[in-house]
Amino acid sequence: MIVINDVHKIFNRGKANQVNAVNGISIDIVDSEFLVIVGSNGSGKTTLLNLLAGSVFPDQGSIIIDGNDVSKLHDYQRSQWIARVFQNPMSGTASDLSILDNFRLAAIRTRAKGLSIGINDHFKQQVKEKIATLGMGLENKIEQPMGTLSGGQRQALTLLMSVMDSCKVLLLDEPTAALDPRSADVVMRTADKLITDFKLTAILITHNLKDAYNYGSRIIQMGEGLVTKDLDKKQKADLKQNDLFDWFS
Ligand SMILES: Nc1ncnc2c1ncn2[C@@H]1O[C@H](COP(=O)(O)OP(=O)(O)OP(=O)(O)O)[C@@H](O)[C@H]1O
């Protein structure tokens, strides 16, 4: 369970360019909830994710994960709970290293769930099996440098690597914004499957209203650093796709 309690984040406080990016947000996110966040540019979505991840600290309020107050913990200290996938497919993996070596690094960094890195052939087989679950045929390319793959393939592998450790919370900050529609579709379906299979609590920021409609068990809209709409599972299921477009008109 994540409890966000009256969190505020002000940039450039007291200056002419002061921005109240997050303006006193309180929300509870229960385990295995898949929360979608939509909102106009500058409404505070990424700042809220940064506050959750620990890459910025709140000026006021607290963030509690599974009963632990993480408000003042740095991002690397929160990595036992939180994994994050960014917009840029290049940011999650090392281009010059093979797929296998990227998985090796991820396993060393996180002691990834279900991967024992002691015996090489065994590790290789485990990686192949994990990658095969993506259904992209990449299990036959594990010696290939990551940089030779498409953005969609890299993003799918980044997702897989990030959920294999013991993290419980997956933060997705416009993970498909840099991808063509077909790759974006594959990556969103992969993310959805991994979230379900690993029983993760997930938060997705997206400007793609079709994805906001199709994915997630709850949706919020942000505006001027506040939550302006909050629809639970049933309310979201009752929503029509056009209703979402109306939120922005
Ligand atoms: N490090 C920072 N320093 C100063 N201002 C910032 C900083 N980060 C964000 N802001 C400002 O805070 C406000 C909220 O930004 P944020 O990136 O959270 O919005 P967003 O909803 O994610 O926008 P977008 O949809 O465009 O990505 C904006 O006005 C932005 O310029």
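Glu-174 lies in the loop that connects strand E7 (169–173) with helix H6 (181–197). Helices (H or I, at least four residues) and strands (E, at least two) are DSSP runs, numbered from the N terminus. The model is predicted: local features require pLDDT of at least 70, side-chain atom pairs are counted only at pLDDT 80 or more, and totals for chains, interfaces and linings use all residues. Residues are numbered from 1 along each chain as its sequence is written.

Most residues other than glycine have a negative phi. Glu-174, although not a glycine, has a positive phi of about 45°. This residue counts as partly exposed because 19 C-beta neighbours lie inside 10 Å. By the definition applied, a residue is buried if 20 or more other C-beta atoms lie within 10 Å of its own, exposed if 12 or fewer, and partly exposed in between, with C-beta atoms placed from the backbone. A positive phi, near 50°, is also found for Glu-224, which is placed in the loop between strand E9 (218–223) and strand E10 (226–231). Glu-224 has 14 C-beta neighbours inside 10 Å and therefore counts as partly exposed.

The ligand is surrounded by Phe-11, Asn-12, Val-19, Ala-21, Gly-39, Asn-41, Gly-42, Ser-43, Gly-44, Lys-45, Thr-46 and Thr-47. Strand E2 (19–29) and helix H1 (45–53) are the elements that give two or more residues to this shell; a residue is near a molecule if its C-beta atom, placed from the backbone, lies within 6 Å of it. Helix H1 gives the most, with three residues. The shell comprises three nonpolar, eight polar and one charged residue, where Ala, Val, Leu, Ile, Met, Phe, Trp, Tyr, Cys and Pro count as nonpolar, Asp, Glu, Lys and Arg as charged, and the others, Gly among them, as polar.
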